[in-house]
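The following explanation moves from a single residue to its chain and then to the partner chain. The reader may wish to keep the coordinates in view throughout.

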Protein chains: 2
Amino acid sequence: MKAHIWVMLKPTVLDPQGQTIQHALGSLGYQSVRDVRQGKFFVLDLDGLSREEAAGQVERIAREVLANPVIEQFRFEIVD
Amino acid sequence: MKAHIWVMLKPTVLDPQGQTIQHALGSLGYQSVRDVRQGKFFVLDLDGLSREEAAGQVERIAREVLANPVIEQFRFEIVD
């Protein structure tokens, strides 16, 4: 079973990496790009868990290990 | 219009960041996690383009700017 986890800066938090990319894209001619936000994406391979157990563990892992709850938010999905 | 872009190391490329996270999770009691791969996730806000134009630009941006084609692969989707 696999889990996909997205960790993004909260919308209220400035994203200097994304801004740098947006400026670089503008200077390359991609003026249609109005905003860029960069986040992290994790693929976890899980073994020996029911779908419910997996969802519970992945939610804890995202909250306690992968995301910084002060400035980041996350979402996840359990796949195949 | 928004675009979501995922950039991941190719499956044949070692992911030391993912391995570090997997070992940390193991030592925290999450032994069910067999593998972790970490990638990047981008949200682009696009203005004044048709869906087809957006898809073309985002494909070029991902290939030429966001991903290193030697070691990384990408996928994207155009949303709302």
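Glu52(B) is exposed, since its relative accessible area is 62% and a value over 50% is what qualifies a residue as exposed. Its place is in helix α2 of chain B, a segment covering residues 51-66. Glu52(B) and Gly18(B) stand 34 residues apart along the chain, and their C-alpha atoms are separated by 35 Å. These values, like those that follow, derive from a predicted model.

The architecture of chain A may be considered next. Chain A contains two helices and three strands, and from the N terminus on these elements follow the order β-α-β-α-β. Its C-alpha trace spans about 50 × 25 × 15 Å along the principal axes. The radius of gyration of chain A is 16 Å, whereas a compact globule of 80 residues would have one near 12 Å.

Of the 80 residues in chain A, 42% are buried. The accessible surface of chain A amounts to about 4,300 Å², and carbon and sulfur atoms contribute 52% of that area. Chain A carries 9 positive and 11 negative side chains, with 7 Å between the centres of the two sets.

Which residues of chain A does Leu25(A) touch, and which of chain B? Leu25(A) is found in helix α1 of chain A, which comprises residues 16-27. Not counting residues up to four places away in sequence, Leu25(A) touches Tyr30(A), Val33(A) and Val36(A) in chain A, together with Ile61(B) and Val65(B) in chain B. Leu25(A) has a relative accessible area of 0% and is therefore buried, the criterion being a value under 20%. Leu25(A) and Leu14(A) are eleven residues apart along the chain, and 18 Å separates their C-alpha atoms.

With residues up to four places away in sequence left out, Gln38(A) touches Met8(A), Asp15(A), Gln17(A) and Ile21(A) within chain A, and Lys40(B), Phe41(B) and Phe42(B) across in chain B.

Asp35(A) also belongs to strand β2, which runs over residues 33-46. Asp35(A) is only partly exposed, because its relative accessible area of 31% falls between the limits of 20% and 50%. Under the same exclusion of residues up to four places away in sequence, Asp35(A) touches Gln22(A) as well as Val43(B), Leu44(B) and Asp45(B). Asp35(A) and Ala24(A), eleven residues apart in sequence, lie 12 Å apart in space from C-alpha to C-alpha.

Technical notes
Residues are numbered from 1 along each chain as its sequence is written. Chains are lettered from A and ligands numbered from 1 in the order in which they are written. This is a predicted model: local features need pLDDT of at least 70, side-chain atom pairs count only at pLDDT 80 or more; totals for chains, interfaces and linings use all residues. Side-chain values use heavy atoms; hydrogens and water are left out. Helices (H or I, at least four residues) and strands (E, at least two) are DSSP runs, numbered from the N terminus. The radius of gyration is taken over C-alpha atoms; the globule rule is 2.2 Å times the number of residues to the power 0.38. Buried means under 20% relative accessible area, exposed over 50%, partly exposed in between (1.4 Å probe, protein chains only). Accessible areas come from the Shrake-Rupley method with a 1.4 Å probe; for residues, only the protein chains shown count as cover. Lys and Arg count as positive and Asp and Glu as negative; His and the chain ends are not counted. The place of a charge is taken as NZ of Lys, CZ of Arg, CG of Asp or CD of Glu. Contact means heavy atoms within 4.5 Å.
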